[in-house]
Amino acid sequence: QVVVAHVLGTRKPEPDSYLIALQQTGLQAHESLFIEDNAENVAQARALGIQVLHLAQPEWLAQVHFGHE
């Protein structure tokens, strides 16, 4: 499940952004993955125990293939 912070009415890196997303998905922090390019947001998620994928260069995401082609 994908959760978008602005839809929640919160702003990263406010802890509520992450905590509300966890509550809505029913996941524990260690069961979730946060994908982000902003280092401050990555640090906050990591501090809350969320697994992170820091896209230091967001254009890397264009090289990832999801599903079948």
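**Close-up views of a predicted model**

**View 1. Cover of helix 2.** Helix 1, strand 1 and helix 3 are among the elements that cover the buried residues of helix 2, where contact means heavy atoms within 4.5 Å. Helices (H or I, at least four residues) and strands (E, at least two) are DSSP runs, numbered from the N terminus. The model is predicted: local features need pLDDT of at least 70, side-chain atom pairs count only at pLDDT 80 or more, and totals for chains, interfaces and linings use all residues. Residues are numbered from 1 along each chain as its sequence is written, and side-chain values use heavy atoms, with hydrogens and water left out.

**View 2. Buried face of helix 2.** S17, Y18, A21 and L22 are the buried residues of this helix (buried: under 20% relative accessible area; exposed: over 50%; partly exposed: in between; 1.4 Å probe, protein chains only). They fall within an arc of 125° seen down the axis, so they line one face of helix 2; the arc is that of the directions from the helix axis to the C-beta atoms. Just after helix 2, G26 has a positive phi of about 75°.

View 3. N41, V42, Q44 and A45 are buried in helix 3 (residues 39-47). Their arc around the axis is only 160°, which puts them on the same side of helix 3. Exposed residues E40, R46 and A47 sit on the face turned away from the buried side. Cover for the buried residues of helix 3 includes helix 2 (15-25), strand 1 (33-36) and strand 2 (51-54).

**View 4. After helix 3.** G49 follows helix 3 and has a positive phi, near 90°.
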